[in-house]
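Colleague: Can you put the model up on the screen? I would like to go through it bit by bit.

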Amino acid sequence: NAEDLLAEIAAEKQWLIKEKKIKKEKPLPEIAEEEKPFDLPEGWAWCRLGDLILQNVGGGTPNKNVAKYWNGDIPWISVKDIQSSIISKAKDYITNVGLENSSTNLIPKGTLIVCTRMGLGKVAFNIIDVAINQDLRALFLSQNVYKKFIYYFYLANSFEGHGVTVKGISIQDLHNTIVALPPLVEQQRIVQRLEELLPLCEGILSGK
């Protein structure tokens, strides 16, 4: 059940911290009863999104005035590259020198990438290795979570951004987001059903 999954994820995090593969983070606040919007089916559990994330990695932009940082062979993505559920190419490319001399990070393929500033609420998987800019975060999830379930969860949420010039969501607010977590098999069933029904809904809305 979901409680067992959460225990396994917590143990996985402790092992990664011990091996110095990730940094220890401050504990997430307990979920108060008034935060729970509905009763859960048996085997499900309330948690916070941060409970499911092993590592949350940000990005940056190499100096655009330095020519040797750009037009290399490393895809560098921003919000404009997230047009569907899959990221397979980039409009801009950087060099290894640009990667090493900026706060961007190289994100391995198969990672869930979310927009936390410009384009808040957009989410996609990269099927190629990419570097990311400062408006994006790469969420490395436990194997005890079905990535596509979190993809649809993120799409279904209405994230309220804060800020004067650019509306965004902080890492803390992202990690504090409440999740109704099903058992792993149920996560897969939900995704399968969504992927059966969503094309039908899109067809109805488009009049086809």
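Colleague: What is the relative accessible area of arginine 193?

Modeller: The value for arginine 193 is 47%, so this residue is partly exposed. Here buried is under 20% relative accessible area, exposed is over 50%, and partly exposed is in between (1.4 Å probe, protein chains only). Bear in mind that this is a predicted model, where local features need pLDDT of at least 70 and side-chain atom pairs pLDDT 80 or more, while totals for chains, interfaces and linings use all residues. Residues are numbered from 1 along each chain as its sequence is written, and side-chain values use heavy atoms, without hydrogens or water.

Colleague: And which residue does arginine 193 meet in a salt bridge?

Modeller: The partner is glutamate 196, with 2.9 Å from N to O. A salt bridge is a side-chain nitrogen of Lys or Arg within 4 Å of a carboxyl oxygen of Asp or Glu. Both residues are in helix α6, three residues apart, which is about one turn of the helix. Glutamate 196 is partly exposed too, at 39% relative accessibility. Helices (H or I, at least four residues) and strands (E, at least two) are DSSP runs, numbered from the N terminus.

Colleague: How many salt bridges does the structure hold?

Modeller: Seven. One of them joins glutamate 195 and lysine 148, whose closest N and O atoms are 3.1 Å apart. This pair links distant parts of the chain, with glutamate 195 in helix α6 and lysine 148 in helix α4, 47 residues apart. Glutamate 195 is partly exposed at 34%, and lysine 148 is partly exposed at 33%.

Colleague: What about aspartate 92, which side chain does it meet?

Modeller: Aspartate 92 forms a salt bridge with lysine 80, at 3.1 Å from N to O. Distant parts of the chain are linked here as well: aspartate 92 belongs to strand β5 (residues 92-94), while lysine 80 is in the loop between β3 (70-77) and β4 (86-87), and the two are twelve residues apart. The relative accessible area of aspartate 92 is 22%, which makes it partly exposed. Lysine 80 has 39% and is partly exposed.

Colleague: Change of topic. How many residues are in the largest nonpolar core?

Modeller: There are 26, and Leu52, Leu112 and Ile150 have the most contacts inside the core. Such a core is a set of buried Ala, Val, Leu, Ile, Met, Phe, Trp, Tyr and Cys residues joined through side-chain atoms within 4.5 Å. Elements that supply at least two residues of this core include α1, β7 (112-115), β10 (136-141) and α4. The largest share is six residues, from α4.

Colleague: Which residues is isoleucine 150 in contact with?

Modeller: Leaving aside neighbours within four places in sequence, isoleucine 150 is in contact (heavy atoms within 4.5 Å) with Leu49, Leu52, Leu112, Leu141 and Val145. A second, separate core has 14 residues, among them Val79, Ile87, Ala124 and Ala138.

Colleague: Now pockets. What volume does the largest one have?

Modeller: About 690 Å³. The search uses a 1 Å grid over the protein atoms alone and a 1.4 Å probe; a pocket is an open set of points with protein on both sides within 12 Å along at least five of seven lines, and lining residues have an atom within 4 Å of a point. Volume is the space filled by probe spheres set on the points, which are joined across faces, edges and corners. Of the 27 lining residues, Lys13, Glu25, Lys26, Leu28 and Gly50 are closest to the centre of the largest pocket.

Colleague: Which element gives the most to that lining?

Modeller: α1 does, with six residues. Others that supply at least two include β1 (45-48), β2 (53-57) and α5 (171-176).

Colleague: And what lines the second largest pocket?

Modeller: Eleven residues line it, and Ser85, Tyr151, Tyr152, Leu155 and Leu198 lie nearest its centre. α4 (147-156) and α6 (184-206) each supply at least two residues of this lining. The space in the second largest pocket is about 230 Å³.
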